[in-house]
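Here is a short briefing on the disulfides of one protein model. Look over the sequence and structure, then read on.

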Amino acid sequence: MNNLFYNKKGEDILSIWWFAVLFIVAGGVVFGTLSFYSDYADIRSFESEILINKVERCLSQNLKSNFFDGNLDIFNFCNLYKNSFEKDGNFFLKISENDKNLYLFGTQKFDEQCKIKTRVIRAKYFPECYEKEIIVFDEEGKNHFLKIVAGSNNKGETGNV
Amino acid sequence: MNKRGESIVLKEVIFLILNVFFFGIFFFFVVNASSGALVLEQYYAKEIALLLDNSEPGTKIELNISDAYAIARKNNVNLEKMFLIKDNKIVVQLSNSYTYSHTFFNDIDVIISYSENGEVLNLFISENE
């Protein structure tokens, strides 16, 4: 066994430090790999963009007066699942006209966080938001300028079987 | 042999063998981590959630899930349990330990079916009544 580590002159062939460095490198590779693959893939920006486009398509028809009064059931009208906004709090939707909120669904804090997000470079735990201004028409053909803000903080979850 | 008559071959050979052994383990570990059940569960849950969010009633989607099917089969997970829709969440199970679920906001009904060999997932989207 000694011949593996030392030659006849007592010079070390295989240093114990070499193994230590190898294990440090191995630990680094394992840690890096686990960190990379355990991090979640962030699709929130895609979700908020899809949501805003869906709402825009849904509002592109001539709208009745009850929409502008804030009395339309938007979830039913645009085929949105209500619990995803109200109960689970994963999504946020705000429709406003001339700074007056017509509809606001989801967690209230998303509204503030979406505004803050426009001014910071990175805020990992804030929702990913998307904003769009569109023109819609009422039954009389009059145009209205609406601002839609959609946000997603939906990260998915791991569960036990 | 060097000038002093020492054998340097043994030292180099052992060094090479140990290097190959250790890097082989690293490579095996990285490949396993990248193709593991947890990663694929998350990948498919999010991909399907985005597809469902973007779909209109009447849409039919066919998704190649051969890699997920292979993992599920290896872990003895039934085909019927691999992909489920529950309370507007897509739940993916490829192992017997964990599932991964992701919510979607589109209010639709989804009918799930599989091809005969289990490698294609069919999703038919209809209006939620």
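**Disulfides of chain A**

Counted along the chain, the bonded cysteines of chain A pair in the pattern 1-2, 3-4. A search of the whole structure finds 2 disulfides over all chains; a disulfide here is a pair of cysteine sulfur atoms within 2.5 Å. This is a predicted model, where local features need pLDDT of at least 70, side-chain atom pairs count only at pLDDT 80 or more, and totals for chains, interfaces and linings use all residues. Residues are numbered from 1 along each chain as its sequence is written, chains are lettered from A and ligands numbered from 1 in the order in which they are written, and side-chain values use heavy atoms, leaving out hydrogens and water.

**A:Cys58 and A:Cys78**

- The sulfur atoms of A:Cys58 and A:Cys78 lie 1.9 Å apart in a disulfide.
- This pair links distant parts of the chain, 20 residues apart: A:Cys58 is in helix H3 (residues 44–58) of chain A, and A:Cys78 is in the loop between helix H5 (74–77) and helix H6 (82–86) of chain A.
- Helices (H or I, at least four residues) and strands (E, at least two) are DSSP runs, numbered from the N terminus.
- The S-S torsion of A:Cys58 and A:Cys78 is about -65 degrees, so the disulfide is left-handed.
- A:Cys58 and A:Cys78 are both buried.
- Buried means under 20% relative accessible area, exposed over 50%, and partly exposed in between (1.4 Å probe, protein chains only).

**A:Cys114 and A:Cys129**

- A:Cys114 and A:Cys129 form a disulfide, with sulfur atoms 1.9 Å apart.
- The torsion about their S-S bond is about -70 degrees, so this disulfide is left-handed.
- A:Cys114 sits in helix H7 (residues 108–117) of chain A and A:Cys129 in strand E3 (residues 128–137) of chain A, 15 residues apart.
- A:Cys114 is buried at 7% relative accessibility, whereas A:Cys129 is partly exposed at 25%.
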